[in-house]
Amino acid sequence: MALEFNGVDERIDYPSIYVPLGTAFTFACRFNLSALSGNEYFLLIESGVNDFGFTVWLRDDAGQQGLAVTCSGATASVLKYAVPQVFSLDTWYDLVVTWDGTTSASGIHIYLNDVELAYATSTDGVAPLRAQDGNWIVGGRASDNLRNLTGRIADLGAWSVVLTSTDRASFSSGKPPSFIVANSLVFDTRFVAGDTIDSVSANTGLIVGNPAPFDHPTNIVTSMASFGFVSQTLAASNDSPLSTDVNVAISSPPLYMLQSISATALSSVTPIEITDEYEGGNTDWNRVAILNPESSTPVITLYARPNRNVEGGTPDPIYYSLACRIVEVLNKMPTLRLNLTNATPVSVYGSSGWPINWRAWFSYDGITWHRMSNSNVVGGFQEVSHTTSFTQDTVFFATRPPYNPSKVRAHTDTIKLNTFVSEPPSSHGQDHVYGNSSATVRDGDSLAVPALELISYRISNDSIGPIDGSSKRKAVLMSGLHASEDQGNWQLQAFVDYLLGGNTTAGSLLRDWEFYVYPMVNPSGRWGNAYRGTLQAGELSQDPNRDWPGGASSGRLQVVAATRAAIEQDTGNSLSVFIDFHGRFREADSIFRFPNLVNDAFIAYVNSRHPVISVESTTAGGVSETYYRASHNVPLSVTSEGAGFVLSTSQYALLGEALAQAINDSFEAGLFPMRSAYGRMALQAPRQLAAAVSSQIVFSKTVVTELLLH
């Protein structure tokens, strides 16, 4: 992106970045003039406050413009004025200025589009030159707001070396400053979306006036002057339904091609590439900055795209999560600098960063995830890294371990071979698919999101039933309702894997229960890395957990309606248990429930199996658990929230398994009478009561009896 200045009262003021006096120095930028209106500044480095030091400017000489550099001195300044030339309006130019830091004009060189200009004036200075230790002003001067630029400017960079001819050619070929001698880079700002942050110092420039953002300079793709039939190659992840090669007929370069080039280190040695065009990706690649891309320890600055915040009456974007794929990092140990906001570099947890036990995650295949080693707040950014080098060339990175729709399909394909797993009526004969989410686009950048499967399966041992001869009870397990809450799916998978694990308790559960599982209710939201919404066209601001009857947005969302219909078809809504698996990033393990005897007893059993913070919900809100408890008299209807801070994905199994075990404990305690008796509140106390009284659960016989007879 670029900023356009009006030539009157617009500029960017930075605190002191670097003092070039007496040292090698290079400044570069791309500029585009909107008018030829006189003397105009690209860069002014002040000497102290409001005192000129080093200036790169467009000098007017009797109505003709030429590029100039001035290094102010106490008695005589160093001057280098290029011969005036004709500049075309609305045309991008590459400007590079090098200086050896001395008082000799021969140490200054001015290059336009990688060609050194002829000079009309070369005047040596007299020591001492001014200190140049003050603010850096872009597009004008702070002392009087005069000589302000009329036009656009982008890709500002400065180095503590004199760039070589190779490096200058790289800049003119379209390389961003961060990919050129990055270990000597002292200043790099690209004005993406109007953002003025210098990625090297993390200083934020003060915007004076209201310069408007514009598209990035077109010369970044000058080698693509004509366009016809182009093959776009997408390095799809192992868990992405995208094809790897897409042929596109185009007449001009699409935005993502410009972005992809901007986010790639254009090097023939080890270019690092950042992309999020895959299932679950969420990174603003316009704003990627990579320092030392060819070293073993590159520094990669990443910004999230906004996620749709569906909470409240006037929903706004929220910067909640970040995920990307990084290529060319074999044997490297990058430091990743994260910013989940759209403005100043402050994380979603504030200037102090995430909780100390939080870590980011990486994966080599997008399926198995590993916790990174280090996390600190440095200069307002959350910096994360790993203590060992990556052992593969491609790495997936995420602020939470993803559980994407393709992983749901992969897990379903694995367990469907088990004799205890079958297709319920909703997906019978359709390979466990009861419907599809509509094809849509990703919120924020309109990347196509394909139609995705809504999956259901049933788990039970149909060869036996409860010992007392009663009918099997029915339970619904559901997850993926909120797009950003992957923890719920990890819990649900652990619950299902426990049921099929072959231990004694699992055998009892399969004997006594039919489990109906709907593992991914909101696949489009998860695929597009939304905050909570489904990404359904026209309904981006609707929360699917408020779309159940009685909720704030009741009946609007296709996937919720399809899931509710599938549950009714499969179970007749005659349920003993309904569990909706969620997982907020900031939450510890917790269970939200309406307080009643069955729910309270169940949570006590969960706590005896695994320490869980139990949080009461209210009856308002129309959430799924409220719907099944209030409308269908389901005695145990809860929402389980999984912790955002775990040491490994296997920790999610602890809560998932505890929930399964607690259902068995509750059944053996007689808390689930025959479903047909619920309406009359006539409770049957099967033989399991005796087992509950003698169990290790901290329930006295009196308490259990009161629970049964209340």
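**Reading rings, sheets and helix contacts**

User: In this predicted model, Tyr-14 and Phe-187 are both buried. By what is a pair of aromatic rings described?

Analyst: Two quantities describe such a pair: the distance of the ring centres and the angle of the planes. The structure holds 29 aromatic pairs. In one of them, formed by Tyr-14 and Phe-187, the centres are 5.2 Å apart and the planes stand at 85 degrees, an edge-to-face arrangement. Tyr-14 belongs to strand β2 (residues 11–14) and Phe-187 to strand β14 (residues 185–189), so their pairing ties together parts that are 173 residues apart in sequence.

User: Which arrangement do the rings of Phe-25 and Phe-54 adopt?

Analyst: With centres 5.5 Å apart and planes at 90 degrees, the rings of Phe-25 and Phe-54 are edge-to-face, because angles over 60 degrees count as such. Phe-25 lies in strand β3 (residues 25–33) and Phe-54 in strand β5 (residues 52–61), so this pair ties together parts that are 29 residues apart in sequence. Phe-25 is buried, as is Phe-54.

User: Which residues form one aromatic cluster?

Analyst: The cluster consists of Tyr-14, Tyr-18, Phe-25, Phe-54, Trp-99, Trp-136 and Phe-187.

User: How many residues of strand β30 are buried?

Analyst: Burial is read residue by residue along the strand. In β30 (residues 394–398), 4 of the 5 residues are buried, so the strand is largely enclosed by the rest of the structure. Strand β24 (residues 323–327) pairs with β30 in the antiparallel sense over 5 bridges, and Cys-324 has Phe-397 of β30 as its bridge partner. Strand β26 (residues 361–363) also runs antiparallel to β30 and is joined to it by 3 bridges, where Trp-361 is the partner of Ala-398.

User: Turning to helices, at what angle do α3 and α4 pack?

Analyst: For helices, one reads the angle of the axes together with their distance. Helix α3 (residues 405–415) and helix α4 (residues 487–499) pack at about 0 degrees, with axes 12 Å apart. Angles under 35 degrees count as roughly parallel, which means that α3 is roughly parallel to α4. From α3, the contact involves Lys-407, Val-408, His-411 and Ile-415; from α4, Asn-489, Trp-490, Gln-493, Val-496 and Asp-497. By class, 4 of these residues are nonpolar, 3 are polar and 2 are charged.

User: Why do residues three or four places apart point the same way in an α-helix?

Analyst: The reason is that an α-helix has 3.6 residues a turn. In α3, the residues in contact with α4 include Lys-407, His-411 and Ile-415. The buried residues of α3 are Pro-405, Lys-407, Val-408, Arg-409, His-411, Thr-412 and Ile-415. Besides α4, these buried residues pack against β31 (421–422), β32 (433–437), β35 (452–455), β36 (457–459) and α6 (523–527).

User: Where is Arg-546 found?

Analyst: Arg-546 is in the loop between α6 and α7 (558–571). With a relative accessible area of 23%, Arg-546 is partly exposed. Sequence and space can be read side by side here: Arg-546 and Ser-624 are 78 residues apart in sequence, with their C-alpha atoms 7.6 Å apart.

Terms used: Residues numbered from 1 in each chain as written. Predicted model: local features only at pLDDT ≥ 70, side-chain atom pairs only at ≥ 80, totals over all residues. Heavy atoms only, no water. Axes fitted to C-alpha atoms, helices over the stretch in contact; angles between N-to-C directions. Helix = DSSP H or I, 4+ residues; strand = E, 2+ residues; numbered from the N terminus. Parallel < 35°, antiparallel > 145°, perpendicular 65-115°, else oblique. Contact = heavy atoms within 4.5 Å. Nonpolar A, V, L, I, M, F, W, Y, C, P; charged D, E, K, R; others polar. Buried < 20%, exposed > 50% of the residue type's maximum accessible area, 1.4 Å probe, protein only. Phe/Tyr/Trp six-rings, centres within 6.5 Å; stacked < 30°, edge-to-face > 60°. Pairing = 2+ DSSP bridges.
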